[in-house]
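Subject: A structure for you to explore

Hello! Here is the structure I promised to hand over. Have a look at it first, and then read on for what turned up in it.

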Amino acid sequence: MTLQSFIGGRWIGQQAAQALHSAVNGATVAHTHAEALDFGEALHFARRTGLPALMALDFQERAARLKALAKYLNEHKESLYAISAHTGATRADSWVDIEGGTGTLFAYASMGSGELPSGNLIHEGPALPLGKKGSFAGTHILVPRGGVAVHINAFNFPIWGLLEKFAPSFLAGMPCIGKPATATSYLTEAAVRLIDQSGILPPGALQLVIGGTGDLLDRLEGPDFVTFTGSADTAARLRVNANLVRHSIPFNAEADSLNCCILAPDVTPDDEEFDLFIKEVAREMTVKAGQKCTAIRRAIVPRQHLDAVAERLKARLAKTVVGDPALEAVRMGALASQAQQADVAERVALLRQGAELVFGGGTADFAPLGEGTAQGAFFQPTLLLSRQPLSHDAVHDVEAFGPVSTLMPYDGLDEALQLAARGKGSLVGSLVTKDPATAARVIPVAAAHHGRLLVLDREAAAESTGHGSPLPMLKHGGPGRAGGGEELGGIRAVKHYLQRAAVQGSPSMLAAVTGEYVRGARRIETEVHPFRRHFEDLQIGESLLTHRRTVGEADIVAFGGLSGDYFYMHFDEIAAKDSPFGKRIAHGYFVLSAAAGLFVSPAPGPVLANYGLDTLRFVKPVGIGDTIRARLTAKRKIDRQKKDANGVGQGVVAWDVEVTNQHDELVASYDILTLVAKRA
């Protein structure tokens with residue numbers, strides 16, 4: 001089979017070039033194609049076809065496409081599992097890659113639907129007054145960059161690596177060109193073929209490059225974006241590409257990382273946490289045959305427990321069955337290629353110059369299970385021990401990207417933290433402890449050198465996703481040698497692909513630009529209550545100023561009785577006089593409730609439900625005898641493209657609420673969120 005690139009809306013490649021071999025038995029799985037690619041054509045297609053098609057959709061519509069794509073890929077996942085076996089991955093390993101990838105699509109679809117507006121502009125408010133009279137203000141907006149995202153990925157996660165970058169860039173409206181690592185590109189190609197067959201993505205939204213990038217980076221422009229996952233050396237070379245530097249093109253790197261796991265001194269061999277540490281290190285050594293950028297490379301343990309840790313890890317690793325992933329008994333598969341196998345062996349040899357072998361290392365009796373595995377790319381789980389890690393530089397500089405980890409003892413937490421920092425920047429670190437005070441001491445110090453930190457104890461263990469699992473809602477990336485970049489992290493990742501700009505003007509102009517009511521802007525007042533408007537008919541800025549209500553002592557007493565809130569500030573005349581307010585005041589939540597009574601339209605109508613309240617502030621106290629009123633203004637509309645059980649569409653409306661007293665002073669401020677029906 002000759003792999004093909006997907007460029008310009010067509011599949012390119014007929015002539016076979018480099019052979020790609022099965023990691024299990026060495027058989028040829030596919031060939032790359034010999035045809036050269038016209039990257040000018042690829043970029044032109046992305047800019048002239050992909051970008052307009054994406055911009056014809058809004059955030060909400062793109063989120064819906066991601067959800068549909070995730071469902072489609074899950075329906076066809078078994079074909080991907082069959083191909084994934086050639087990479088040396090077990091079924092569990094492939095699950096992380098395949099369903100971890102579709103899970104990321106689902107996660108970004110959900111976050112996009114729940115957190116992003118309709119349209120293609122995000123208002124990063126609030127607007128800030130820049131003058132004394134309120135007629136001049138400023139705010140920030142985020143808009144699509146109008147460029148192309150180039151994603152260069154590593155060999156270890158052929159599907160997740162593409163999809164975790166694609167999801168946020170697609171949401172941000174950037175067409176993507178994906179370039180997988182050649183060794184496992186046959187699996188990425190299979191996934192992109194499914195994506196193409198689905199017809200879910202607009203033309204030009206995703207293109208695929210099999211082979212090298214040629215002059216692609218030299219052709220990029222200022223609005224474009226480059227991401228890279230791979231070695232720190234390659235990241236350093238790409239980062240200084242003259243064209244990227246000249247045009248200040250953003251470059252995000254996620255590079256190799258000598259991640260650590262620290263066993264705290266409060267944990268003894270009799271503790272449950274001790275076993276958790278052993279399981280975590282062994283799992284990170286063997287999942288994906290240790291080919292994870294987040295794997296534990298350095299296991300940092302109290303010197304007094306070094307022998308106990310070594311023995312238990314050795315015993316656990318000895319039970320790991322290595323071989324053909326198709327066999328039921330196998331728990332660890334092969335490395336991705338024989339080239340990778342040779343690279344890991346070379347790096348283990350470097351590490352052994354200053355470390356002793358505890359387990360593995362390619363012993364003579366190591367024989368992977370299964371037929372033909374002698375021609376595969378298998379490597380025995382290998383545990384090393386550096387007894388003087390502060391004087392052993394290689395263990396902090398050399399990464400064997402396979403099932404390899406090094407034990408290192410420490411004397412005191414300060415030394416453990418010093419060892420952790422010797423990694424010069426890591427994607428993730430773990431602390432196994434049962435003592436909250438230890439966590440409070442270690443984590444703030446370790447955070448300066450890590451992108452993510454896991455604190456593992458018996459309480460967290462029941463639900464922990466583990467040391468090596470990046471999650472869509474949390475940042476993935478790390479400082480220093482880990483690349484200095486950020487991926488994932490929820491909507492943060494989408495914002496990386498958008499352009500932030502400050503905007504200044506009158507509140508009315510800012511409201512027009514942002515599509516969101518800004519206080520001080522012109523309001524629309526009609527004889528129709530805003531709650532009587534269907535979603536389509538409601539205008540941003542449509543407003544209601546309510547009648548007044550004077551707060552009496554009976555209100556406070558009644559609310560206290562209903563709520564059970566008898567706080568002295570509301571009921572003790574003497575104590576209240578000594579308070580900063582000098583008098584009894586109404587409950588803040590009474591003010592909130594009274595305001596709702598002032599602006600709610602009680603009859604059945606388009607407003608279906610109040611489901612949230614944001615940015616609540618009680619600005620001034622409301623005392624007995626004060627008179628309040630509310631100003632309700634339609635602030636923001638979000639069309640989530642949803643319908644109820646009867647097929648009636650719904651949208652979300654955020655309302656700005658200002659509650660003022662008899663002196664027109666603001667006493668409470670907040671947003672309420674409502675579901676509003678569309679016209680039937």
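Leu128, Leu130 and Phe136 make a nonpolar surface patch of about 270 Å². A patch here is built from residues with over 30% relative accessible area and no salt bridge, where like charges are joined within 9 Å and nonpolar side chains (Val, Leu, Ile, Met, Phe, Trp, Tyr) within 5 Å. The areas come from the Shrake-Rupley method with a 1.4 Å probe, and for residues only the protein chains shown count as cover. Phenylalanine 136 sits in the loop between strand S5 (122-129) and strand S6 (137-144). With a relative accessible area of 36%, phenylalanine 136 is partly exposed. In this email, buried means under 20% relative accessible area, exposed means over 50%, and partly exposed is in between (1.4 Å probe, protein chains only).

Before going further, please keep in mind that this is a predicted model: local features need pLDDT of at least 70, side-chain atom pairs count only at pLDDT 80 or more, and totals for chains, interfaces and linings use all residues. Residues are numbered from 1 along each chain as its sequence is written, and side-chain values use heavy atoms, with hydrogens and water left out.

**The overall picture**

The protein chain has 21 helices and 27 strands. Both are DSSP runs numbered from the N terminus: helices (H or I) have at least four residues and strands (E) at least two. The C-alpha trace spans about 90 × 60 × 50 Å along its principal axes. Of the 680 residues in the chain, 55% count as buried. One buried example is leucine 313, with a relative accessible area of 0%, which lies in helix H10 (residues 306-318).

**Pockets and cavities**

How much space lies in the largest pocket? The volume is about 1100 Å³. Of the 41 residues that line this pocket, the closest to its centre are Gly125, Pro126, Glu516, Lys635 and Arg636. Several elements give two or more residues to the lining, among them helix H4 (91-115), strand S25 (627-643) and strand S26 (649-660). Strand S5 gives the most, with eight residues.

There are also three cavities of 30 Å³ or more. The largest cavity holds about 70 Å³ of space, and its lining includes Thr87, Phe155, Lys288 and Gln291.

Both terms rest on a 1 Å grid over the protein atoms alone: a cavity is a set of points where a 1.4 Å probe fits but cannot get out, while a pocket is an open set with protein on both sides within 12 Å along at least five of seven lines, and lining residues have an atom within 4 Å of a point. Grid points are joined across faces, edges and corners, and a volume is the space filled by probe spheres set on the points.

**Salt bridges**

The whole structure has 35 salt bridges, each a side-chain nitrogen of Lys or Arg within 4 Å of a carboxyl oxygen of Asp or Glu. Here are some to find on your screen:

- Lysine 77 and glutamate 99 meet at 3.4 Å, N to O. Lysine 77 lies in helix H3 (residues 77-84) and glutamate 99 in helix H4, so the pair ties together parts 22 residues apart in sequence. Lysine 77 is partly exposed at 23%, whereas glutamate 99 is buried at 19%.
- Arginine 297 pairs with glutamate 399, with the closest N and O atoms 2.9 Å apart. This pair links distant parts of the chain, 102 residues apart, and both residues are buried.
- Arginine 679 and aspartate 537 meet at 2.4 Å, N to O. They are 142 residues apart; arginine 679 is partly exposed at 46%, and so is aspartate 537 at 33%.
- Arg47, Glu221 and Asp224 are linked in a network of salt bridges.

**Cysteines**

How many disulfides does a search of the whole structure find? The count is zero, taking a disulfide as a pair of cysteine sulfur atoms within 2.5 Å. For cysteine 176, the nearest cysteine sulfur is that of cysteine 293, 19 Å away. The sulfur of cysteine 293 is 15 Å from the closest one, in cysteine 260, which is too far for a bond. Cysteine 176 is buried at 1% relative accessible area, and cysteine 293 also counts as buried, at 10%.

Enjoy exploring!
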